[in-house]
Amino acid sequence: MGRITTTLFVTNRIDQANAAQGIITPESVRSITLSDVLVDTGATTLCLPKETIVSLGLALLKEVDVETASGIGKARIFQDAKISLLSREGTFECLELPGGSSPLLGVIPLEALGIELDLKNQKLEPLPISPTQTYLTIL
């Protein structure tokens with residue numbers, strides 16, 4: 001198995017909506033560029049360190065039970081993290097990691113954005129989306 005890392009741009013979606021409505025200035029929108037984000041198919045969702053969540057000002061959604069290498073424990077889920085990756089964007093929940101942890105990109109955002117892993121070449125590849133071929137399906 002290869003190890004894939006990527007650069008991820010994360011924005012507070014609520015800030016972005018407030019800026020669009022003139023409630024705050026566009027310069028007030030909180031965002032961050034994260035480099036060396038580990039693409040982890042063992043992770044379900046976007047996982048961000050506590051410091052990153054605080055910096056972005058994301059709102060708490062709920063507390064959940066999660067399974068980790070050390071057993072089942074509690075974790076907090078935050079909402080409205082908009083990510084940009086390979087010219088694709090989506091808004092997702094994110095799980096809070098303990099302080100000092102590195103961010104992880106799990107399978108749900110990857111699937112929703114139509115991005116697959118190329119383990120042989122250790123990179124991410126966008127799936128096709130065009131009038132003749134698309135990864136999006138409605139069955």
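Me: In this predicted model, which residues is Thr52 in contact with, leaving aside its neighbours within four places in sequence?
Reply: Thr52 has its place in helix α2. Leaving aside neighbours within four places in sequence, the residues in contact with Thr52 are Ile32 and Leu34.

Me: Is Thr52 buried or exposed?
Reply: The relative accessibility of Thr52 is 9%. Buried means under 20% relative accessible area. Thr52 therefore counts as buried.

Me: Is Val54 buried or exposed?
Reply: Val54 lies in helix α2, which covers residues 50–56. The cut-off for exposed is over 50% relative accessible area. Val54 has a relative accessible area of 59%, so Val54 is exposed.

Me: What distance separates the C-alpha atoms of Val54 and Gly90?
Reply: Val54 and Gly90 are 36 residues apart along the chain. The separation of their C-alpha atoms is 20 Å.

Me: Which backbone nitrogen does a side-chain oxygen of Asn12 reach at the start of helix α1?
Reply: Helix α1 spans residues 13–20. At its start, a side-chain oxygen of Asn12 comes to within 2.9 Å of a backbone nitrogen, that of Ile14.

Me: Which residue with a positive phi follows α1?
Reply: The phi in question is near 80 degrees. The residue that follows α1 with this value is Gly22.

Me: In what sense do strands β1 and β2 pair?
Reply: Strand β1 covers residues 5–12 and strand β2 residues 31–39. One of the bridge pairs joins Thr11 to Ser31 in β2. Six bridges link the two strands, and the sense is antiparallel.

Me: Is Thr6 buried or exposed?
Reply: Thr6 lies in strand β1. Not counting residues up to four places away in sequence, Thr6 touches Leu34, Ser35, Asp36, Val37, Val39, Leu85, Leu105 and Leu124. Its relative accessibility is 14%, so Thr6 counts as buried.

Me: Which residues of strand β3 point the other way from Leu46 and Leu48?
Reply: In a regular strand the side chains alternate between the two faces of the sheet. Strand β3 covers residues 46–49, and all four are buried. Leu46 and Leu48 point one way, and the residues pointing the other way are Cys47 and Pro49.

Me: In β6, which residue is the bridge partner of Pro49?
Reply: β3 pairs with β6 in the parallel sense, over four bridges. Within this pairing, the partner of Pro49 in β6 is Leu97.

Me: In β7, which residue is the bridge partner of Leu46?
Reply: β3 pairs with β7 in the antiparallel sense, over two bridges. The partner of Leu46 in β7 is Leu105.

Me: Which element gives the largest share of the lining of the largest pocket?
Reply: The largest pocket has a volume of about 250 Å³. The elements that give two or more residues to its lining are β4 (59–68) and β6 (88–97). The largest share, three residues, comes from β4.

Me: How many residues of the lining of the largest pocket are charged?
Reply: The lining includes Asp40, Cys47, Glu67, Leu97 and Leu104. By class, the lining has six nonpolar residues and four polar ones, and the number of charged residues is two.

Me: What is the phi of Asp80?
Reply: Most residues other than glycine have a negative phi. Asp80 has its place in strand β5, residues 71–85, and at 23% relative accessibility counts as partly exposed. Its phi is positive, near 70 degrees.

Me: What is the phi of Gln122?
Reply: Gln122 has its place in the loop between β8 (115–118) and β9 (123–126). With a relative accessible area of 46%, Gln122 is partly exposed. Its phi is positive in a residue other than glycine, near 50 degrees.

Me: What distance separates the C-alpha atoms of Leu117 and Thr41?
Reply: Leu117 lies in strand β8 and is partly exposed, with a relative accessible area of 29%. Not counting residues up to four places away in sequence, Leu117 touches Ile4, Val39, Thr41, Leu110, Lys123 and Leu124. Leu117 and Thr41 are 76 residues apart along the chain, and the separation of their C-alpha atoms is 9.2 Å.

Conventions: Residues are numbered from 1 along each chain as its sequence is written. Side-chain values use heavy atoms; hydrogens and water are left out. Buried means under 20% relative accessible area, exposed over 50%, partly exposed in between (1.4 Å probe, protein chains only). A polar contact is a pair of N or O atoms within 3.5 Å; within protein, one must be able to donate a hydrogen and the other to accept it, and residues adjacent in sequence count only if both atoms are side-chain atoms. Two strands pair if DSSP finds at least two bridges between them. On a 1 Å grid over the protein atoms alone, a cavity is a set of points where a 1.4 Å probe fits but cannot get out, and a pocket is an open set with protein on both sides within 12 Å along at least five of seven lines; lining residues have an atom within 4 Å of a point. Grid points are joined across faces, edges and corners, and a volume is the space filled by probe spheres set on the points. Ala, Val, Leu, Ile, Met, Phe, Trp, Tyr, Cys and Pro count as nonpolar, Asp, Glu, Lys and Arg as charged, and the others, Gly among them, as polar. Contact means heavy atoms within 4.5 Å.
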